[in-house]
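Reader: I would like to learn how to read the features of a model. Please take me through them one at a time.

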Amino acid sequence: MAKEAVERCGEKGKESILRGMTLYGNERGRRMALNAKAHGEEINTLTNQAFGEWTTDYPGQMEFGQIQIEPTLQTYISKCAWCDAWAKHGISEYGKLYCVNVDNAVYQGYQDKYACTPITEAMSWGGECCKFDWGCALSEEENARLKELKAEIGTTYMKDFDFHTAHMMRTISKVLVEDLGVEGEAAVEAGLAAFEELYGAEYLEAAKAVPEKELYPWT
């Protein structure tokens, strides 16, 4: 859909995708916060790091970790499944729009006290490694608690790719139509057709079948 929006509408298409990705990230963060609260946890940077909704499909698909925990938490990603997928299908030029603000959008959807700031150029934009500063420190005790909490919750709040595809499809579709009108509708239709051709109708139908209430539990 990003490819179609940019090819059809140029800079306006790009701006719409960037707005859509920020909204999508905010929604992911909001959903994570609801899960953390339901688990009896406070909303802070520690729990933000524990209640992510995405996990790898196999060992080595992603490589990431901490750089430091004080004076601010900094993390890195040195191998990215998203970048690998975009490169595989020749859409890196459009996929990289995902990276512009999504990490900060998720973080601020979860809590609005701190910002997640990139401190290197993203890999999708030509950098060697993505690095982020999360705006506050974790103490040694908090970092130990983070590891315990991750082990405790495991994959309880993880979502499969039917879910993630459904969320991105619906939020981005809505924004493109709002911003671009008829051209936005055409971009959505063409993007979904390309997805179906690439992966098969059953994957598109699986994404469409995810209930709205699961995607937007606050509605």
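Reader: Is Glu140 buried or exposed?

Author: First, the ground rules. This is a predicted model, in which local features need pLDDT of at least 70, side-chain atom pairs count only at pLDDT 80 or more, and totals for chains, interfaces and linings use all residues. Residues are numbered from 1 along each chain as its sequence is written, and side-chain values use heavy atoms, with hydrogens and water left out. Now the scale: buried means under 20% relative accessible area, exposed over 50%, and partly exposed in between (1.4 Å probe, protein chains only). Glu140 is exposed, because its relative accessible area is 55%.

Reader: Where does Glu140 lie?

Author: Glu140 belongs to helix 7, residues 140-153. Helices (H or I, at least four residues) and strands (E, at least two) are DSSP runs, numbered from the N terminus.

Reader: Which residues make the nonpolar surface patch?

Author: Leu198, Tyr199 and Tyr203 make a nonpolar patch of about 310 Å². Areas come from the Shrake-Rupley method with a 1.4 Å probe; for residues, only the protein chains shown count as cover. Tyr199 sits in helix 9, residues 182-199. Tyr199 is partly exposed, at 38% relative accessible area.

Reader: How many salt bridges does the structure hold?

Author: Side chains of opposite charge can pair when their charged atoms come close. The cut-off: a side-chain nitrogen of Lys or Arg within 4 Å of a carboxyl oxygen of Asp or Glu. The structure holds 12 salt bridges.

Reader: What separates Glu7 and Lys3 along helix 1?

Author: About one helical turn, because they are 4 residues apart in helix 1, residues 2-9. Glu7 and Lys3 form a salt bridge, with the closest N and O atoms 3.0 Å apart. Glu7 is partly exposed, at 46% relative accessible area. Lys3 is partly exposed too, at 32%.

Reader: Which residues does the salt-bridge network join?

Author: Take one pair of it to begin with. Lys174 and Glu178 meet in a salt bridge at 2.8 Å, N to O. Both lie in helix 8, residues 161-180, 4 residues apart, or about one turn of the helix. Lys174 has 48% relative accessible area and is partly exposed. Glu178 is partly exposed at 45%. Salt bridges that share partners join Arg19, Lys174, Glu178 and Asp179 into one network.

Reader: What about the sheet: in which order do the strands stand?

Author: Strands of a sheet pair through backbone hydrogen bonds, either parallel or antiparallel. The cut-off for pairing is at least two DSSP bridges between two strands. In this model 4 strands form an open sheet in the order 1-2-4-3, with antiparallel pairing. Strand 1 and strand 3 (117-118) are at the edges with a single partner strand each, so one side of each has no neighbour in the sheet.

Reader: How many bridges join strand 1 and strand 2?

Author: Strand 1 (residues 63-68) and strand 2 (residues 74-79) pair over 5 bridges, in the antiparallel sense. Among the partners, Gly65 has Tyr76, and Phe64 has Ile77.

Reader: Which peptide bond is cis, with omega near 0°?

Author: Most peptide bonds are trans. The bond from Glu70 to Pro71 is cis. Pro71 lies in the loop between strand 1 and strand 2.

Reader: Which residue meets Lys79 in a salt bridge?

Author: Asp84, at 2.8 Å from N to O. Lys79 is partly exposed at 29% relative accessibility, and Asp84 is partly exposed at 37%.

Technical notes. Patches are made of residues with over 30% relative accessible area and no salt bridge: like charges are joined within 9 Å, nonpolar side chains (Val, Leu, Ile, Met, Phe, Trp, Tyr) within 5 Å.
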